[in-house]
Amino acid sequence: MNNTSQAAEFRFHPAFVFTSAIFYVVILTTSVLGNLLVCTAICFNKSLRSSPTMTFIFSLACSDLLTACLAMPFDVESLLVGGVWKHTELLCIVWTTAYLFSVPTSMLTLVVLTVDRYKALSDPLRRFRKRGFLSLKRSRVVVVFLWCYCLAFSLIPIMGWRYYPSHVINGNCYFNITPEYSALTTVIHFVLPIVIISGIYLKIYRIAQNVKGCQDFTKASVSSPSHIVRHPAPSDHGNFQRNLKATKTIALIICALFFCWFPFCAVSFTLSLCKQCYFNSPPELLIALLILGYLNSALSPFIYSLRNRRIRETYHNLYLSIIKFGLRGAKHRSRLGSSSSQRSTSSIIFSRGRHAASTSGYENSVRLTSYNVSIKLP
């Protein structure tokens, strides 16, 4: 999260520009299409809409969509034109704010998801209750609160805590944040959430190991009352496995976000504190690491889809609905075409009949006239 932008005099090697632009376009397209599919599946499937976990997944997908629509296009343009900003200062603020908003939103949402997974697996007496730690209403309130908090925090530089008086200077759009703000947001919104998530998942791993040991102990028929209190009954085994699978899915999402964004955040944090390091570092480094960070927005939809059967089934149903709608439209058009052709054919036959009748009448009239003339001649 740096407070610098690419200067206009930066001229990258054409091969680097071409390769980076291809990566940007592929990531942008995949991210937009994938996250739109996830949002559509959640909106059209009632069982997905009623799940508190899917509320947070929907929030993550919307955050990735904002990144893809409001941040990536300007990065591609900045790469192609050498850092020259050709838009208004308002768009420059939108670009920088979208970046400062999206990553903290995703990280804090994953923290809440991790806490919910831990509560679903660790509660000794109500571990397998149907009603989770977060109800649907509570999850929506939490999502709204997180979005409002992250938006307010990303607007702090606009309110006055910035490095330069303007965001656009000498034709360049700057990430106009101070080194203190950069360090603070990196620690609060990246380092601290990663530490919290790691500690919680360590406890979740221990719970899973204890449950596995309890199941082996039950199979040996040597269970005791203490095990009954601490571990699930055999009838709850399926529910526990579903909760554990959902927890593993959240872990995959966290790992993808960490490995994609950690290099850029670490280098950006170092460069914001060491100005000499920034001027000595190659500008291609930050661009390559930023592309790696944006890759997370394209990977997340695949993780949701591959790990959730209901999302895959919704995709299949949406595909069948689109096919049926297309076939229905084609049949309707063919019916309209056949009916119009039948009407045109019947009108032609009717006109021919009228023409034949008129011709027949004319012939009769001629015959009658000639007959009258033949009578009057003698």
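## Report on a predicted helical chain

T109 touches F56, S59, L60 and L146, residues up to four places away in sequence not being counted; contact here means heavy atoms within 4.5 Å. The model is a predicted one, in which local features need pLDDT of at least 70 and side-chain atom pairs count only at pLDDT 80 or more, while totals for chains, interfaces and linings use all residues. Residues are numbered from 1 along each chain as its sequence is written, and side-chain values use heavy atoms, with hydrogens and water left out.

T109 is found in helix α5 (residues 89-122). Helices (H or I, at least four residues) and strands (E, at least two) are DSSP runs, numbered from the N terminus. The relative accessibility of T109 is 1%, so T109 counts as buried; buried means under 20% relative accessible area, exposed over 50%, and partly exposed in between (1.4 Å probe, protein chains only). One of the contacts of T109, F56, is 53 residues away along the chain, yet the two C-alpha atoms are separated by 6.5 Å.

**The chain as a whole**

The chain has 13 helices and two strands. Of its 378 residues, 41% count as buried. Among contacts with a separation of 6 or more, 80% come from residues 24 or more positions apart.

Helix α1 (residues 14-44) has 31 residues and reaches 45 Å from its first C-alpha to its last, close to the 45 Å expected at 1.5 Å a residue. The expected span is 1.5 Å times one less than the number of residues. Buried residues of α1 include V17, Y24, I27, N35 and C39.

Helix α12 (residues 283-307) has 25 residues and should span 36 Å at 1.5 Å a residue; its end C-alpha atoms are 38 Å apart, which agrees. Helix α12 also bends by about 30° at A298, with a proline, P301, following within four residues. The bend at a residue is the angle between axes fitted to the seven residues ending there and the seven starting there.

**Salt bridges**

The count comes to two salt bridges, each defined as a side-chain nitrogen of Lys or Arg within 4 Å of a carboxyl oxygen of Asp or Glu.

| Salt bridge | Closest N and O atoms |
|---|---|
| D116 with R117 | 3.2 Å |
| R309 with E313 | 2.7 Å |

D116 is buried, with a relative accessible area of 5%, and R117 counts as buried at 8%. R309 and E313 both lie in helix α13, four residues apart, about one turn of the helix. E313 is partly exposed, at 38% relative accessible area.

**Surface features**

Helix α13 (residues 309-376) also holds L320. Together Y319, L320, I323 and L327 make a nonpolar surface patch of about 380 Å². Patches are made of residues with over 30% relative accessible area and no salt bridge, like charges being joined within 9 Å and nonpolar side chains (Val, Leu, Ile, Met, Phe, Trp, Tyr) within 5 Å. L320 is partly exposed, with a relative accessible area of 35%.

N170 lies in the loop between β1 (168-169) and β2 (172-173). Although N170 is not a glycine, its phi is positive, at about 55°. Most residues other than glycine have a negative phi. N170 is exposed, with a relative accessible area of 73%.

How values were computed. Areas by Shrake-Rupley, 256 points an atom, 1.4 Å probe, with all protein chains shown as cover.
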